[in-house]
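Here's a quick briefing on how charged side chains pair up in this model. Have a look at the structure first, then read on.

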Amino acid sequence: MSLKERVVGRAALDYLPKLGYSIEVEDNQNILGSLEQQNHLPLLIYFNHVALDDPLVILHLLHRHLPERNYILPVSETYLKKEAKKLPIYNKGVNVGELLGCMMPHIIQPYRLRDEKLSEEDKNALTDRSFHLSRKFIELVNSEMKFQKHPVIIIAPEGHRSEDGSLQPSESGLGHIVKYMLKQQKAENILNGLVLPIGLQYEENFTRERNWNPLRRPKVIVAIGNLMTLEEIKAGSLRLTGRRNLKADDSRLYTHFLMLKLSELLPKNMRGVYAEELLGPTLAGNFELRPNEYGVVRVFDLSKKLL
């Protein structure tokens with residue numbers, strides 16, 4: 001990448017969001033400001049996935065506060081290849097991210113493996129591809145850790161944009177990354193790891209596609225959560241179940257704990273399956289994302305059908 005391309009990309013990330021949104025950041029504890037003094041630790045940032053605009057808003061904020069960090073943002077291989085014509089804006093967004101030097105490893109969203117329309121052969125092939133891409137993602141993170149670059153990993157743990165803006169059941173990737181960081185800490189490859197939830201809200205007439213609009217400049221509320229260490233996540237996850245020790249399903253437990261922290265940043269009508277009245281079934285694993293008969297990704301209650 002040429003210096004000119006990098007300069008243009010950074011300028012676009014700085015000014016385009018200001019031009020097309022009215023961004024209101026709720027960060028009473030100046031968490032974003034404090035991150036500038038903690039470059040020696042890897043950082044995992046996760047957010048609720050509402051619209052295609054979400055990564056642009058997140059990267060805009062990080063560019064302002066952590067301009068010199070290495071970003072890793074997994075992207076959908078399906079959207080970039082098989083469904084590229086359906087979502088050209090997605091591809092353009094990835095191109096801008098790569099211009100900025102953001103590392104964008106490809107992944108397969110887990111809900112795609114639950115599509116009942118897939119033949120057994122296609123499902124097996126997609127599963128193999130998913131494992132292969134997951135290994136490459138971890139290898140990339142490993143290489144960054146090895147050279148003490150302490151990357152910023154950015155993920156949308158639900159794996160798909162919410163149809164109505166409310167939280168969906170998270171896939172287990174969020175907890176797996178925490179578990180990976182704990183192993184790195186135990187091996188003394190890192191001193192600690194930091195995890196930060198960010199809640200996103202768009203004005204009422206938002207769209208799941210592009211909301212960026214210089215004429216209307218829709219309001220986007222960005223709620224910055226509390227910065228958590230790995231030890232705090234372990235302790236909070238144990239309190240969630242009342243256990244004394246973590247078991248084999250600790251990745252899923254980390255995921256639920258962190259999603260509850262994310263839900264606290266959102267209004268009650270956006271908490272979805274992490275709302276208080278649905279928390280029991282959520283923790284029991286009753287909900288999952290899956291395409292319905294029309295190919296629309298919905299939340300399914302495994303004890304019933306559609307939520």
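Glu203 counts as partly exposed, at 27% relative accessibility (partly exposed sits between buried, under 20% relative accessible area, and exposed, over 50%, with a 1.4 Å probe and protein chains only). This is a predicted model, where local features need pLDDT of at least 70, side-chain atom pairs count only at pLDDT 80 or more, and totals for chains, interfaces and linings use all residues. Residues are numbered from 1 along each chain as its sequence is written, and side-chain values use heavy atoms, leaving out hydrogens and water.

**The overall picture**
- The structure holds 10 salt bridges (a side-chain nitrogen of Lys or Arg within 4 Å of a carboxyl oxygen of Asp or Glu).

**Glu203 and Arg216**
- Glu203 pairs with Arg216 in a salt bridge, with the closest N and O atoms 2.1 Å apart.
- Both residues lie in the loop between β7 and β8, so the pair ties together parts 13 residues apart in sequence.
- Arg216 is partly exposed too, with a relative accessible area of 37%.

**Arg208 and Glu163**
- Arg208 and Glu163 meet through their side chains in a salt bridge (3.6 Å, N to O).
- Arg208 counts as buried at 16% relative accessibility, while Glu163 is partly exposed at 30%.

- Arg114 forms a salt bridge with Glu288, and their closest N and O atoms are 3.5 Å apart.
- Arg114 is partly exposed, at 23% relative accessible area, whereas Glu288 is buried, at 19%.

How values were computed. Helix = DSSP H or I, 4+ residues; strand = E, 2+ residues; numbered from the N terminus.
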